[in-house]
Amino acid sequence: MLEDIKERIQEEFGFKTEPYDTNILLVHGEKEKIKDFLKFLKHSGFNYPHTISVVDYTPKGEGFQINYIIENIEEKKFVIVRVNLLEDELFIPSVCDVFPALQPHEREAWEMFGIEFVGNPRLEVMLLPEWAKGTFPLRKSYDFEKHRKEKK
Amino acid sequence: MADISQLGFSFVVEERKEVSGKDLGLLQEKLLQLNWGVQHPASGPMRLKVWIDGDEVVKIDPDIGYVFRLLEKLVEYRSWINAIVNVERICFMDDFGTMTGYSITAEKIAGIEIPKKANYIRTILCEGGRIVSHLLGLGSFVGIMGVNTPMQWALIAREKFLDSFEIYSGQRIATSSIVPGGVRYEPTKKFIDKMLEAINYLEKEFIPRYEEVFIDNPTLKMRSKGVGVIPKEKAIKIGLAGPALRASGIASDIRKDYPYAAYGELDFNVVTKKDGDSYARYCVLFEELKESVKIIRQAIDGLPEGEYKVRFPIKIPPGEAYVNVEWARGCFGFHLVSDGGTGPYRLKMRAPSFANLWAMPEMIKGVKLADVPVIFASLYMCHGDIDR
């Protein structure tokens, strides 16, 4: 199953793939084609999105990494689509019209990391209090001492 | 944006239109916004903004973040072993499932095999945690309709499990008992006996009595059958998880699909229902209790001899892993990244209640106001795990 999809990804999109774990395939995607690619995955049976996991590699000089984790719930297989973003180009097309269930996950990633999902209708503060908007707490540069609520 | 609205999903963008004078009266006649919460008996603190037209719900918008603790960040300041105290605090009801998931992920990166006995103890504890959590879920589902007896019954049954956890680890909740490398304590005979006593009580006393009164209950059926129906395709589309997904007829259970701990060696069934309504979700919880009892009995019978933990190194090699476990509320994903240091570089936790919560606006569209609590409680969410 994963072998088939691996070949089709190679043919249609030319993305590099590598085995990640048993039942999991890792795909190195590109920002421009991400929407088409997720549409392709959805039509290939990977219809249950788990989450969007962002990793901040800026201290290592590698920018941000976005992982879309998607499951094929019938065949019990996973695909992780990985896109790397440069530190000064923090935007990516939103995929919430392909997978509406990913919309709140995009919103959370925006709130915690400041990555703009272009086309997401609702990039608003969700978990943080209103005063902490824009502090991006899950970034490595976040400082508990510095980012405090201002005293009145 | 136009094509998203054509899909029929409401992402609830609030309209901030100024109204005054005559218009205000017209608006109030038409749509009314109600606040539901912040305190809530069926889960933790949250607020629902409910817009109603008469008594029909037009749209609903959850307001969350009241128990936000930034656990994913706090983990980055801890060592591999210490991080379990943050991971288990995702939810106090079933803390064993999350600790197991985190430990498996860390072991996978470190390339460590744990003893068979540790896997069996993890299975016993995880199922104990699931029972404890499901009992509260059942109790609060009926409780939200105004009947408080089942909650008291559930608490009596739950107490016996908490006693056994106390004998095992010294704590009733927040036990910190599962660590990367195995489990922290040897299971004593006293613990096993107490656990057997608890499941005997559950099987002989609680389940038959509860089934008679609160499962096959005509009033409860009238109130919850056909309420919040989610067909199979839609359940996948809006991303439901756990018991709610299984109640829509999808046999998705990580214990069966990607066996971890000792689940691959034990015999149990995945409970599914076809209806996909609130009553089906309630019944899934109840029947999973029976399956959990079955699993605990088998795991106790098959408990092997030998070591219960191995040494986990202070530093583990760079790498990452994504592991799912079937937590009480559904499949919980851990994406853990190591950069070769003494603690996690990044931990992303995929929480099932978060998925269920944001599926709820789609489910509640067009129902009656009185059905909102029923649907809400049937989704069986926990706030620790929505906010993290």
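Tutor: Let's start with a term: a salt bridge is a side-chain nitrogen of Lys or Arg within 4 Å of a carboxyl oxygen of Asp or Glu. Before we use it, note that this is a predicted model, where local features need pLDDT of at least 70, side-chain atom pairs count only at pLDDT 80 or more, and totals for chains, interfaces and linings use all residues. Residues are numbered from 1 along each chain as its sequence is written, chains are lettered from A in the order in which they are written, and side-chain values use heavy atoms, with hydrogens and water left out.

Student: How is chain B divided into domains?

Tutor: Domain bounds come from an automatic or database domain assignment. Here, domain 1 of chain B covers 32-63 and domain 2 covers 71-385. Their C-alpha centres lie 27 Å apart.

Student: How many residues of those two domains are in contact?

Tutor: Contact means heavy atoms within 4.5 Å. In chain B, 19 residues of domain 1 are in contact with 18 residues of domain 2.

Student: And how much area do domain 1 and domain 2 of chain B bury between them?

Tutor: Buried area is the accessible area (1.4 Å probe) that two parts lose on being put together, summed over both. For these two domains of chain B it's about 1,500 Å², with 76% of it on carbon and sulfur atoms.

Student: Okay, now the two chains. How many residues does the contact take from chain A and from chain B?

Tutor: Chain A gives 51 residues and chain B gives 48 residues. The area buried between chain A and chain B is about 4,300 Å², and carbon and sulfur atoms give 60% of that. On the chain A side, Tyr48(A), Arg122(A) and Leu127(A) lose the most area to chain B, together 14% of what that side buries.

Student: How many salt bridges does the rule find across the interface of chain A and chain B?

Tutor: Eight of them. To see a salt bridge up close, find Lys348(B) and Glu108(A), whose side chains meet at 3.8 Å, N to O.

Student: What about polar contacts: how many residue pairs are there across the interface of chain A and chain B?

Tutor: A polar contact is a pair of N or O atoms within 3.5 Å; within protein, one must be able to donate a hydrogen and the other to accept it, and residues adjacent in sequence count only if both atoms are side-chain atoms. Across the interface of chain A and chain B, the rule finds 21 residue pairs, both residues at pLDDT 80 or more.
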